[in-house]
Amino acid sequence: MAHPKDGSGTLRPPTEVLTRGFDPSLSFGSARPAVFRSSTYVFASPEAAQRAFDIASGRVPAADGQRAELIYSRISHPNAEILEDQMVPLERGACQAAVFNSGMAAIMTAFFTFARPSSSIVYTIPLYGGTMRLIHEFLEPFGVTGVPVVAGDTVGLEHAIRSARNLSIVFIETPANPTMVMTGIRRAAGEASERHPKPTVIVDNTFLGPAFQHPLLLGADLVLYSATKYLSGFSDLLAGAALATDPAIIDQMRSRRVMFGNILQPDECWMLDGRLPTVALRMNRQSKNAQRIAERLFSKPQIRRVHYPTLFDDDEQIRIRLDQCDYPGGIFSIDFHGGRDAAFTFLRNLRIARDAVSLGGVETLACHPKTTTHSGMSPEEMEKAKIGEGLVRISVGIEDWRDLLADFEQALEKI
Ligand SMILES: *Cc1c(COP(=O)(O)O)cnc(C)c1O
């Protein structure tokens, strides 16, 4: 959509997310965006239609700062444009955004935009299960070589980036799910910038962004989200997003998006758009809750270890956390002494927290990664990623932390 009274770049993100990207005069004065469900858009004249196609296909450049005229909703539509413009100020360093119909759609589009034939991709493990399968079941059979590096291995990652043959992508997911092990973005991006042609450095920022971790400021080229999680925040829609400093990166992904047909639909854009102004509020509350609970559970006799950024004991992990994260975030994992029995007993006895996968919603969720989210990993991969029988992942919501702590304590006593 048009950019009303903005472009100044002087407003702070919580203000800008409420003021840019949406012009009420284009929606009958509606104070909040309307939903435009049309699949096709009327041209003012045949000449305007010709011009719209010339711009959309890249034959003619769009006027400075102007979007191409609307044509057909698989290419773009008003709610996607409003959402994309409003998302930009939330991601520090971003100039452009593109939205997709799931996190996997954003990830898949990034791979199919930036991976070259016969190239290699360096990636951290563990990765989100869907991303891992995309690499193994699609990219590798197409001749792309995957080079895994264990999360947090700074020297190993630098070495892999330096030595991988015909490197097209560095893909980092940090912190790792569910152990919260962090990978340093700054050093990986620095190493990648020494290579020619430069690989595209991509960060899946779902766990700590956009509130607490800013990969574009640390040298990453592209940030991806499962917006299904914190950005949306209510466990009631699927969406994905890509953000970059260089508009050319997003333009290339948008052009693939037209071919793949995976733009986010108008209703979902509208719902997600309404959630953006509260992302930072929700994430701050979730992080404070999680920190208070994790630091109190840590000394319980049934618990071997609580994986949470403020409880790191490794010097390199502490260094990375201080360098790249503003706050520790809303997710922690508990490793029980009693293995699977203890983990299942704990899950069975929770009264407030529910046993479900996914994360980032306002309600607290808990799951057993080994038998659910991470069950597709081989025993060796599980071993490397330190995903054991006794591990339970918790995504903390915005309930009162004292009620949640009491719930966890009563479930612990049943073990
Ligand atoms: C959920 C998730 C994804 C996949 O996103 P969908 O919206 O479910 O497609 C990718 N990466 C991470 C880290 C996730 O948590």
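**Close-up views of a predicted model**

**View A. Glutamate 389 and lysine 370 form a salt bridge.** In this predicted model, the closest N and O atoms of the pair are 3.7 Å apart. Because glutamate 389 lies in the loop between helix H13 (379–385) and E12, and lysine 370 in the loop between E11 and H13, the contact ties together parts that are 19 residues apart in sequence. Glutamate 389 is partly exposed, with a relative accessible area of 30%; lysine 370 is also partly exposed, at 24%.

**View B. Five strands, in the order E8-E9-E12-E11-E10, make up an open sheet of mixed pairing.** Strand E8 (303–307) and strand E10 (354–355) are the edge strands, each pairing on one side only. Within the sheet, strand E9 (residues 331–336) and strand E12 (residues 391–395) are antiparallel and share five bridges. Aspartate 335 has leucine 391 of E12 as its bridge partner. Helix H12 (residues 339–349) lies across E9, E10, strand E11 (365–367) and E12, and runs at about 130° to E9.

**View C. Strand E1 (residues 96–100) is joined to strand E7 (residues 240–244).** The two strands run antiparallel and are linked by five bridges. One of the residues involved, phenylalanine 100, has glycine 240 in E7 as its bridge partner. Four of the five residues of E1 are buried, so the strand is largely enclosed by the rest of the structure.

View D. Aspartate 251 is partly exposed, at 43% relative accessible area, whereas arginine 254 is buried, at 14%.

**View E. Aspartate 400 and arginine 402 form a salt bridge.** Their closest N and O atoms are 2.7 Å apart. Aspartate 400 is partly exposed, at 26% relative accessibility, while arginine 402 is exposed, at 53%.

**View F. Histidine 77 is buried in the loop between helix H2 (46–56) and helix H3 (78–87).** Its relative accessible area is 0%. Beyond its neighbours within four places in sequence, histidine 77 contacts Tyr41, Leu70, Ile263, Leu264, Gln265, Pro266 and Cys269.

**View G. Phe112, Phe138, Phe142, Met259 and Phe260 form a nonpolar surface patch.** Together these residues have about 540 Å² of accessible area. Phenylalanine 138 belongs to helix H5 (residues 129–139) and is partly exposed, at 46% relative accessible area.

Technical notes. Residues numbered from 1 in each chain as written. Predicted model: local features only at pLDDT ≥ 70, side-chain atom pairs only at ≥ 80, totals over all residues. Heavy atoms only, no water. Pairing = 2+ DSSP bridges. Contact = heavy atoms within 4.5 Å. Axes fitted to C-alpha atoms, helices over the stretch in contact; angles between N-to-C directions. Patch = residues over 30% accessible without salt bridge, like charges linked within 9 Å, V, L, I, M, F, W, Y side chains within 5 Å. Areas by Shrake-Rupley, 256 points an atom, 1.4 Å probe, with all protein chains shown as cover. Salt bridge = Lys/Arg side-chain N within 4 Å of Asp/Glu carboxyl O. Buried < 20%, exposed > 50% of the residue type's maximum accessible area, 1.4 Å probe, protein only.
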